[in-house]
There are 2 protein chains.
Amino acid sequence: MARARSEERRAEILRAALEVIAERGYRGASLSAVAERVGLTQQGLLHYYPTKEALLVAVLEERDQWDTGGGTGRESWRLELLDSLVEYNAMRPGIVQTFSALLGESVTDGHPARDFFTHRYTQVRSEMANVLRAEYGERLPGGLTPEQAAPLLTAVMDGLQYQWLLDPRAVDMPAAFRDFLSLLRGPAPQDGTEGNTGDN
Amino acid sequence: MARARSEERRAEILRAALEVIAERGYRGASLSAVAERVGLTQQGLLHYYPTKEALLVAVLEERDQWDTGGGTGRESWRLELLDSLVEYNAMRPGIVQTFSALLGESVTDGHPARDFFTHRYTQVRSEMANVLRAEYGERLPGGLTPEQAAPLLTAVMDGLQYQWLLDPRAVDMPAAFRDFLSLLRGPAPQDGTEGNTGDN
């Protein structure tokens, strides 16, 4: 019972931390701002997360939980699931803002999220390459190998998020991502165009 | 004479500001850290840039100068010039770090660089579309329109920068960007593969 309440409290704190980081970045965030948002003293917050860095690590781990839909893990991803992930992200700008801000900060000197992101991208590139290999074999229809396409797939997802966060009306993130997938798949037998030459 | 020295001083201050932002981000940067680096008091620095925000604006304008190689302007870009720009960027990680950190921060609430980046991306997407149209007409060989490809081109450049800054040995940024350009160009008559079936 006490344990369930403590878990609930932790979840509340993580949500508050996500918000504060989205608003101010990690360096601009303060433990007292997070504590205030959940009605705790800073001392009370430290009982759950003893340092600002420990809270950051928990936030980052939480993110990966969401991405992979809980226990399933990225190794079971397929290309259409990526498509759905981007659509899902377009419905949660707050979360995307938190992680885009953290990714940006992570390249500054000695940032506590740097190792997390470095490790994560190594993993993600390798998992993306596996997804692409399972779908297309050693050469994608667009001409690249899975290892060549994987960093591009990752870069497009991240880069589109910045453009979309800055100007959501100008950038249709899911549509742009589908355009990129169509490039990887190579020119189909003129699908879109053919439809237009039909008789309706 | 006094004017030349003042210009020189401003250039020094901008270089120092770039370094400090690369190390700490904008929110983590302080005017006193910039002042110290150029041997000025904070009061002395305020003579050149009256606020931290004014200094940031000057840094951002300076960046666009470099990108466009001085006066030429992006309207005269061609696709091969982009290729060279990415190669050039791979030789100046400090600058790339400054602007990747700023882009990341710009999506947080009320950030002073937000308008700059929003406006810049609107411009860049439109200029990229023009470059692509000049080269390929209304439909790229890979199947997209110039307006579909432009945000992807921009996203890949930004996204690759993060992966490369985090792990320069794992990510060959110029090579990955060339891979993306090859996707836009669509599958050539199997150039790479054909070479391998030859008799050497």
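Predicted model: local features only at pLDDT ≥ 70, side-chain atom pairs only at ≥ 80, totals over all residues.

Let's begin with T118(B), which touches L166(A) and D167(A) once residues up to four places away in sequence are set aside.

Where does T118(B) sit along its own chain? You'll find T118(B) in helix α7 of chain B, which covers residues 114–136. Is T118(B) buried or exposed? T118(B) counts as buried because its relative accessibility is 17%, and the cut-off for buried is under 20%.

## Two copies, one axis

How do the two chains relate?

## Where the chains meet

How many residues does each chain bring to the contact? Chain A gives 46 residues and chain B gives 46 residues. Between them, the two chains bury about 4000 Å², and 64% of that is on carbon and sulfur atoms.

There's some charge pairing across the contact as well, with a count of two salt bridges between chain B and chain A. R125(A) forms a salt bridge with D167(B), and the closest N and O atoms there are 4.0 Å apart.

G25(A) is another residue with contacts on both sides. G25(A) belongs to helix α1 of chain A, residues 2–28. Leaving out neighbours within four places in sequence, G25(A) is in contact with V20(A) and E105(A), and also with R27(B) and T108(B) from the other chain. With a relative accessible area of 4%, G25(A) is buried. The C-alpha atoms of G25(A) and T98(A) are 7.3 Å apart, even though 73 residues separate the two along the chain.

## Chain A from end to end

What is chain A built from? Its secondary structure comes to ten helices and zero strands. Of the 200 residues in chain A, 50% are buried. If you take the contacts in this chain with a separation of 6 or more, 65% of them join residues 24 or more positions apart.

One stretch carries a label from a record: UniProt, in an unreviewed entry, places the feature "DNA-binding region" at residues 30–49 of chain A. That stretch is 70% helix and 0% strand, and its end C-alpha atoms are 13 Å apart.

## The nonpolar core

In soluble globular proteins, nonpolar side chains tend to be buried together. Here, the largest nonpolar core has 128 residues. Which members touch the most others? They are L153(A), F177(A) and F180(A), along with L153(B) and F180(B).

Zoom in on F177(A) for a closer look. Not counting residues up to four places away, F177(A) touches L82(A), D83(A), V86(A), L153(A), V156(A), M157(A) and L160(A). One of these, L153(A), is itself on the list of core members with the most contacts to other members.

## Salt bridges

Side chains of opposite charge can pair when their charged atoms come close. Over all chains, the structure holds 16 salt bridges. One of them joins R133(A) and E147(A), at 2.8 Å from N to O. Because R133(A) lies in helix α7 (residues 114–136) and E147(A) in helix α8 (residues 146–166) of chain A, the pair ties together parts that are 14 residues apart in sequence. R133(A) counts as partly exposed at 26% relative accessibility, and E147(A) is partly exposed at 46%.

Another pair is E80(A) with R78(A), where the closest N and O atoms are 2.9 Å apart. Both ends are partly exposed, E80(A) at 47% and R78(A) at 44%. In chain B, R78(B) and E80(B) meet in a salt bridge as well, at 3.0 Å. Finally, look for E19(A), E23(A) and R37(A), which are linked in a network of salt bridges.

Terms used. Residues numbered from 1 in each chain as written. Chains lettered and ligands numbered in written order. Heavy atoms only, no water. Core = buried A, V, L, I, M, F, W, Y, C linked by side-chain atoms within 4.5 Å. Buried < 20%, exposed > 50% of the residue type's maximum accessible area, 1.4 Å probe, protein only. Contact = heavy atoms within 4.5 Å. UniProt positions renumbered as here; feature names shortened; annotations may be inferred. Helix = DSSP H or I, 4+ residues; strand = E, 2+ residues; numbered from the N terminus. Buried area = accessible area lost by both parts, 1.4 Å probe. Salt bridge = Lys/Arg side-chain N within 4 Å of Asp/Glu carboxyl O.
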